[in-house]
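Dear colleague,

Please find below the structure that I am handing over to you.

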Amino acid sequence: MFGATLTPIASAQERTARSRPRGPRPLPAPELPPHRELVRRGLAGHASRIRLAELVAAHGSPLLVLDTDRVTTQLLALRRELPGVHLHFALAALPHPAAIRAAHAFGAGFDVASRGEVTLLEREGVPLRHVVHTNPVRRVDDLTSAYLRGIRTFVVDAASEVAKFAGLPRDVAVLVRLAFPGSEAGASAGSGISVEDAPALVAHCRRVGLRVAGFAFHLGDRQVDPAVWERAIRGSLALVRSLERRHGTRFEMLDFGGGLPSAADRAALGAVTARIRAAIAAAPAHLRLVIAPGRFIAEPAMTLVARVVDRADRADGRWLALDGGPHGLGGALRHDADGPLVFAAEELGGQQVVDGAAERATRRLLTRDRVPTTLAGPVDDRREVIAPRRPLPPMEVGDLVVIPSVGAYALRPAIGFDGSAAAPVVVVPR
Ligand SMILES: Cc1ncc(COP(=O)(O)O)c(C=O)c1O
């Protein structure tokens, strides 16, 4: 058996030696553990670093743990992927003071969409002059308030929006928001006008004395199609070039909005950023290129810990009710049709001790029988399913469940029919 496999390998090497320069023999690609196991290992290290058990003992459950280091590492990763593109954090995804401080300390700018976000930035002492207000459907009093607090760049996509700027001083500028075919693939692509209609809106702004600083677009939630990104960037740049020629002017900014794939979807992220890099090679040097991700930064930065409060064994497996459900968490758990990855806290133990007793205990646990388990919220489990029929270690009332990557859009006000308040947020590192 051994001999039979050795012979063809040797002759393959001889063939390769003739056609390629000599060098170390490539090793076979290591077999990667499945995605859940990779996440479990990372999460186990994280849980021990942030002393998750102590946090729950001190603050109770359910608990959201916001790791500001993760905000920074996401921004760093993006800076590596997209050199030359300025990073703004779309604050709507995680409007929390600690996230603001981390992004600001990193040197990121901010895109905002609401009055509350402006207030948060103001409280944290972030200079508002370079913040972009991206909500093109706003009330005049919101606009005035944002202006008075220092914001100078807004987004418009219709003449009716332009009219709202009539009462403001001339030091305000707008980005015209563009829409591109295919961008509605995402859930929140929202508004914008076509590249064909944009010149008329730019001309209208100029007529009424409103300065157009450039263009913006937003391609929707988790836009994983590199072709959509490329079309949008190339289309915007062509528009910039043609209008700069026509008006003998220079635009200052192109804001790509958010909509990057989830951080967990590395293949999609790599494909999208590669295409962005290729498309921006043609950008004029005077144009400030901005990308304003929300989910990409926020999602991995927050982890939910909840406790099992009820257990029922049914025909379709074990049902566990947690003390925090989708209603109390303002939407953090509802972003995927197939639900989030969930872990029994027990699965995260022992990671620090390599080949020690705790490590052996973890390994035993991981190979132990698993029970098809449906996790649900605390009130009406059939309507509050968080994760259906997951193979999990057998859990009982009182056990902890850990759900990573719940940071995106989790802090919207929770209005549960059960009246439950949103889970408290604990910030790490302290
Ligand atoms: C204009 C704009 N920019 C940025 C974002 C952030 O998007 P994401 O969280 O998908 O990165 C949004 C979200 O809706 C948006 O509308």
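Isoleucine 193 counts as buried, because its relative accessibility is 15%; buried means under 20% relative accessible area, exposed over 50%, and partly exposed in between, with a 1.4 Å probe and protein chains only. Please note that this is a predicted model, in which local features need pLDDT of at least 70 and side-chain atom pairs count only at pLDDT 80 or more, while totals for chains, interfaces and linings use all residues. Residues are numbered from 1 along each chain as its sequence is written, and side-chain values use heavy atoms, with hydrogens and water left out.

Isoleucine 193 lies in the loop between β6 and α9 (198-207). Helices (H or I, at least four residues) and strands (E, at least two) are DSSP runs, numbered from the N terminus. Leaving aside neighbours within four places in sequence, isoleucine 193 is in contact (heavy atoms within 4.5 Å) with Asp157, Val176, Arg177, Leu178, Ala179, Ala198 and Leu201.

I turn next to the barrel. Eight strands close into it in the order β2-β3-β4-β5-β6-β7-β8-β9, with parallel pairing; two strands pair if DSSP finds at least two bridges between them. Strand β5 (residues 153-156) is joined to strand β6 (residues 173-178) by four bridges, and valine 155 stands opposite leucine 175 in β6. Six bridges pair β6 with β7 in the parallel sense, where leucine 178 stands opposite phenylalanine 217 of β7. Between β7 and β8, which run parallel, there are three bridges, and glycine 214 is opposite methionine 253 in β8. Six of the seven residues of β7 are buried, so β7 is largely enclosed by the rest of the structure.

Helix α10 lies across β6, β7 (211-217), β8 (253-255) and β9 (288-291), and runs at about 165 degrees to β7. Axes are lines fitted to C-alpha atoms, for helices over the stretch in contact, and angles run from 0 to 180 degrees between N-to-C directions.

How do α10 and α11 pack? Helix α10 (residues 226-247) and helix α11 (residues 266-280) meet at an angle of about 20 degrees, with their axes 9 Å apart. They are therefore roughly parallel to each other; angles under 35 degrees count as roughly parallel, over 145 as roughly antiparallel, 65 to 115 as roughly perpendicular and the rest as oblique. On the α10 side the contact involves Pro226, Ala227, Trp229, Glu230, Ile233, Arg234 and Leu237, and on the α11 side Ala271, Val272, Arg275, Ile276, Ala278, Ala279 and Ile280. By class, this contact of α10 with α11 has eleven nonpolar, no polar and three charged residues. Here Ala, Val, Leu, Ile, Met, Phe, Trp, Tyr, Cys and Pro count as nonpolar, Asp, Glu, Lys and Arg as charged, and the others, Gly among them, as polar.

A further helix pair is α6 (residues 115-123) with α7 (residues 140-149), packed at an angle of about 15 degrees with their axes 10 Å apart. That makes α6 roughly parallel to α7. Arg115, Val118, Thr119 and Glu122 of α6 make the contact with Asp141, Asp142, Ser145 and Arg149 of α7. These residues divide into one nonpolar, two polar and five charged.

Finally, glycine 398 sits in the loop between β14 (385-392) and β15 (400-403). Glycine 398 is partly exposed, with a relative accessible area of 30%. Apart from neighbours within four places in sequence, glycine 398 is in contact with Arg307 and Val308.

Yours sincerely
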